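Subject: Structure for your review

Dear colleague,

Please find below the sequence and structure that I am handing over to you. My notes on what was found in it follow.

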Amino acid sequence: MKKKIVISVCAIIIIAVGLFFACQKSGLINPAKNRTSGATAGKIDAVSYRMKLDLDVNAKSLTEEVKMEIKNDTSEPVDEVIIRDMTPSIHAYNKQYYDNDTQTSAIIGITSNEQPLAYSSKQESVVRVKLNEALKPHETTTITVDMKTDIPDRQDRFGYVKRKDGYIFALSFCFPYLADNKNSEWILHPYFDDGESRSYDIADYDIEIHHPKGYAVIATGTEETNDGVTRITAHNARDMAIVVSNMMQKDTFEVKGITINNYYLDSQYTATYRKLTELVIKDAIQVYTDTVGAYPYEELDVAPLLFGFGFGGMEYPGLVMTNATSFYDGTLMDAWSLSDGLSHEIGHQWFYAAVGNDEYAEGWIDEGFTTYLERQLFGLYDGDAQHYLLEIDDMAPSVEERIAALDELMQTARQDYKKMYLNTSPDRYTKDQSYGEIEYEESYLFLQELRIAMGDDTFNAFLKDLYDRYDLKEADSDAVIALIREYDNSKTVNEILRFYFK
Ligand SMILES: [Zn+2]
């Protein structure tokens with residue numbers, strides 16, 4: 001996601017504008033491969049993706065062979081499936097906003113059992129594939145998509161940057177996937193550059209990527225590199241992201257049994273970057289685990305990207321992209337933004353990666369709970385990360401100042417968000433609404449009001465229960481509201497629900 005934050009601290013109003021991409025989550029006692037993912041009854045399910053990828057760093061292109069294992073968990077035969085390939089939409093977006101008009105991508109062919117399948121794409125990024133034989137209920141088939149895409153010259157979730165000491169390639173949003181579907185309806189949200197419109201379906205991944213020797217490959221799941229070929233495996237993941245770079249080194253350490261690979265770039269601020277990120281990772285995982293539950297995977301990779309000034313990071317299962325721009329490209333390192341942003345993206349491992357939701361239609365769920373984790377749990381935790389941040393950044397607020405700023409936000413919540421309902425997708429915004437207001441700010445205020453009304457003990461019990469029940473499943477607004485009412489069905493809580501939901 002990308003977002004803007006406004007934090008006012010006591011008499012001084014400090015406006016921090018940050019564009020965050022989105023978020024992720026993590027785990028420990030309960031590694032994802034030993035857990036059961038959500039019930040799939042009623043849907044056409046992508047069980048696994050096997051990919052062969054070839055990254056051409058000179059041509060800035062990616063060749064992909066993607067084999068999708070698809071299971072029909074509906075009660076009717078299926079003779080057509082929909083594949084999403086977001087690369088044409090990303091190229092079109094970059095052409096419009098970044099004057100980047102030379103990028104192309106193309107599907108070369110779609111096959112099953114080596115027989116070609118007919119496909120058509122009348123709508124951007126939506127590819128309808130006709131199966132040669134109907135897929136009967138409970139049966140599985142594999143289809144192979146061959147494609148090739150240019151990699152945009154833009155440091156974003158799909159794109160690359162070149163610096164004097166090398167390249168960073170971010171490969172995500174560029175792999176074709178089976179469209180999400182529910183009760184025989186395909187969900188066809190458009191590409192959404194301000195936030196996410198990804199698939200939330202859980203699948204296993206087995207990937208072989210070819211790249212130049214000497215490049216680090218950082219990915220969702222675990223990676224093993226030999227001689228310019230990296231094998232990536234991931235279990236129970238909602239998405240796959242791969243960062244390939246010859247500019248990165250790493251620190252490896254353990255937090256609560258989870259292996260952390262913390263990558264960094266070489267600059268005048270490297271020592272500070274390494275220390276701050278390590279402390280933030282340790283404290284964030286500690287407080288989220290204690291309050292919400294175990295991190296869902298065995299490994300967490302943190303990769304520094306150069307998204308530009310004012311932007312935040314991005315979450316994937318088991319992988320977080322931080323924005324290291326001010327530490328690498330800048331002369332003024334913005335430690336406060338890095339600390340808040342990284343704690344946010346780590347929080348997404350709990351809400352996004354473990355508890356899934358439709359990030360486009362109901363982005364308030366993953367962004368709201370994650371913002372709550374960032375501000376209320378990590379932000380108010382008086383630990384080593386907080387202490388170090390205050391040492392190195394004069395602008396950063398103390399815990400007392402953070403509490404005062406959050407209280408101030410609460411004062412005007414009811415005026416600011418009248419008739420702006422959390423369960424509103426971006427295509428239904430009124431013209432004065434922008435992405436971020438509802439998904440981050442209002443949803444956070446909703447959860448604060450709820451916590452105050454329910455009391456900390458009941459609210460924390462609800463939070464843990466939400467995490468347990470929807471671990472590797474998907475929660476929607478109705479499910480979250482129903483669970484809230486199981487814990488507190490008082491008049492006060494119902495009034496809060498009526499204010500924030502339509
Ligand atoms: Zn987020």
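Helices (H or I, at least four residues) and strands (E, at least two) are DSSP runs, numbered from the N terminus. This is a predicted model, in which local features need pLDDT of at least 70, side-chain atom pairs count only at pLDDT 80 or more, and totals for chains, interfaces and linings use all residues. Residues are numbered from 1 along each chain as its sequence is written.

Two loop residues

Asp227 lies in the loop between strand S16 (222-226) and strand S17 (229-237). Its phi is near 55°, a positive value in a residue other than glycine. For burial, the count is of other C-beta atoms within 10 Å of a residue's own, with C-beta atoms placed from the backbone: 20 or more is buried, 12 or fewer is exposed, and anything in between is partly exposed. Asp227 counts as exposed because it has 7 C-beta neighbours inside 10 Å.

Ser125 is placed in the loop between strand S6 (118-123) and strand S7 (126-135). Ser125 is not a glycine either, yet has a positive phi of about 70°. Ser125 is buried, because 21 other C-beta atoms lie within 10 Å.

The chain as a whole

The protein chain has 12 helices and 23 strands. Of its 502 residues, 50% count as buried. The radius of gyration (taken over C-alpha atoms) is compared with a globule rule of 2.2 Å times the number of residues to the power 0.38. For 502 residues a compact globule would have a value near 23 Å, so the 22 Å of the protein chain agrees. Along the principal axes, the C-alpha atoms fill a box of roughly 65 × 55 × 45 Å. Two residues are in contact if their C-beta atoms, placed from the backbone, lie within 7 Å. Among the contacts with a separation of 6 or more, 70% are between residues 24 or more positions apart.

Helix H1

Helix H1 (residues 87-98) has 12 residues and spans 15 Å from its first C-alpha to its last, close to the 16 Å expected at 1.5 Å a residue; the expected span is 1.5 Å times one less than the number of residues. Its buried residues include Thr87, Pro88, Ile90 and Asn94. Strand S4 (105-112) and strand S8 (140-150) are among the elements that cover the buried residues of H1. Just after H1, Asp99 takes a positive phi of about 55°.

Strand S18 and its partners

In strand S18 (residues 242-245), Ile242 and Val244 point one way and Val243 and Ser245 the other, and all are buried. Two strands pair if DSSP finds at least two bridges between them. Strand S10 (residues 166-171) pairs with S18 in the antiparallel sense over four bridges, and Ile168 stands opposite Ser245. Strand S15 (residues 216-219) also runs antiparallel to S18, joined by four bridges; here Ile218 has Val243 as its bridge partner.

The five-stranded sheet

Five strands form an open sheet with mixed pairing, in the order S19-S20-S21-S23-S22. Strand S19 (248-255) and strand S22 (314-316) stand at the edges with a single partner strand each, so one side of each is left without a neighbour in the sheet. Neighbouring strands of this sheet are turned by 20° against each other on average, direction ignored. S22 and strand S23 (residues 319-323) run antiparallel and are joined by three bridges, with Glu315 partnered by Val320.

Helix H2 (residues 270-291) packs on the sheet, touching S19, strand S20 (258-265), strand S21 (299-305) and S23, and its direction makes about 155° with that of S20. Helix H4 (residues 335-347) also packs on the sheet, touching S22 and S23, at about 160° to the direction of S23. Axes are lines fitted to C-alpha atoms, for helices over the stretch in contact, and angles run from 0 to 180 degrees between N-to-C directions.

The axes of H2 and helix H5 (residues 363-378) come within 10 Å and cross at roughly 100°. That makes H2 roughly perpendicular to H5, a class that covers 65 to 115 degrees, whereas angles under 35 count as roughly parallel, over 145 as roughly antiparallel and the rest as oblique. At this crossing, Asp283, Ala284, Val287, Tyr288 and Thr291 in H2 meet Leu373, Leu377 and Phe378 in H5.

Lys464

Lys464 is found in helix H10 (residues 456-469). With 13 C-beta neighbours inside 10 Å, Lys464 counts as partly exposed. Leaving aside residues up to four places away in sequence, Lys464 touches Val292 and Gly293.

Yours sincerely
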